[in-house]
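Hi,

Here is the structure we talked about. Have a look at it first, and then read on for what turned up.

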Amino acid sequence: MSSINNLSIKRSITVRAVVTPAWKEEAERELSNAISTSDQQLAQLEKEGQQVVDDVRSQSANPLDPRVQDQVAQVQQQVAAKRAELEEQKRNLLEQQAQVRELEMEQIVDQGQIDSFCDLKVGDNLVSKMQVAVVVRDGVVEAIQQD
């Protein structure tokens, strides 16, 4: 069996942002847009759900038939489930928006992850090689940290 002395590995790097007026403005704008999209999706869902119910009833000779009522109830259940899901997403976005507003300038916040490759050789500390973070200020790398 042969051995190798080094290899390239893939790792996730945490991206941390320094809170600045520009960062805060952009984060709030993105969240506001997402909230607006949620509102549009809710309105569209209600409209489409009502349209399907109306179609089911109009295509039936007897709208009071129990099978028609079951179909209508099923559609309404599906709409209610999707509405609850969308409302939960919107609640989460509103929470995030409130959290962004509470952030203080110069505070450092986790913004996400990116993948990177690094070289690993015999004798390296694998844990420290994997624990790397990049700190950015308004998109410009300010520091690369070994956590």
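Asp138 sits in the loop between β3 (132-137) and β4 (140-146). Its phi is near 50 degrees, a positive value in a residue other than glycine.

Before going further, some ground rules. This is a predicted model, so local features need pLDDT of at least 70 and side-chain atom pairs count only at pLDDT 80 or more, while totals for chains, interfaces and linings use all residues. Residues are numbered from 1 along each chain as its sequence is written, and side-chain values use heavy atoms, with hydrogens and water left out.

Glu106 is another non-glycine residue with a positive phi, of about 75 degrees. You will find Glu106 in the loop between α2 and β2, and at 48% relative accessibility it counts as partly exposed.

Overall layout

The protein has three helices and four strands, and from the N terminus on the order is β-α-α-β-α-β-β. The radius of gyration is 26 Å, well over the 15 Å that the globule rule gives for 147 residues, so the protein is more spread out than a compact globule. That radius is taken over C-alpha atoms, and the globule rule is 2.2 Å times the number of residues to the power 0.38. Helices here are DSSP runs of H or I with at least four residues, strands are runs of E with at least two, and both are numbered from the N terminus.

Along its principal axes, the C-alpha trace spans about 80 × 55 × 15 Å. Of the 147 residues, 28% count as buried. Taking contacts with a separation of 6 or more, 78% of them are between residues 24 or more positions apart; a contact means heavy atoms within 4.5 Å.

Ser116 is a buried example, with a relative accessible area of 17%. Ser116 belongs to strand β2. Leaving aside neighbours within four places in sequence, Ser116 is in contact with Ile9, Lys10, Arg11 and Ile13.

Salt bridges

How many salt bridges does the count come to? The count is 13, with a salt bridge taken as a side-chain nitrogen of Lys or Arg within 4 Å of a carboxyl oxygen of Asp or Glu.

Glu25 and Arg29 are both in α1, four residues apart, about one turn of the helix. Their closest N and O atoms are 3.6 Å apart, and Arg29 is partly exposed at 40% relative accessibility. Glu25, Glu26 and Arg29 are linked in a network of salt bridges.

Asp124 and Lys129 also form a salt bridge, with the closest N and O atoms 3.7 Å apart. Asp124 is partly exposed with a relative accessible area of 25%, and so is Lys129, at 23% relative accessibility.

The largest pocket

About 320 Å³ of space lies in the largest pocket. Of the 17 residues that line it, the closest to its centre are Trp23, Ala27, Glu30, Val100 and Gln111. On a 1 Å grid over the protein atoms alone, a pocket is an open set of points where a 1.4 Å probe fits, with protein on both sides within 12 Å along at least five of seven lines, and lining residues have an atom within 4 Å of a point. Grid points are joined across faces, edges and corners, and the volume is the space filled by probe spheres set on the points.

Which elements each supply at least two residues of that lining? They are α1 (21-58), α2 (66-102) and β2 (108-121), and α1 gives the most, with six residues. By type, the lining divides into nine nonpolar, four polar and four charged residues. Here Ala, Val, Leu, Ile, Met, Phe, Trp, Tyr, Cys and Pro count as nonpolar, Asp, Glu, Lys and Arg as charged, and the others, Gly among them, as polar.

Cheers

Definitions and conventions:
Buried means under 20% relative accessible area, exposed over 50%, partly exposed in between (1.4 Å probe, protein chains only).
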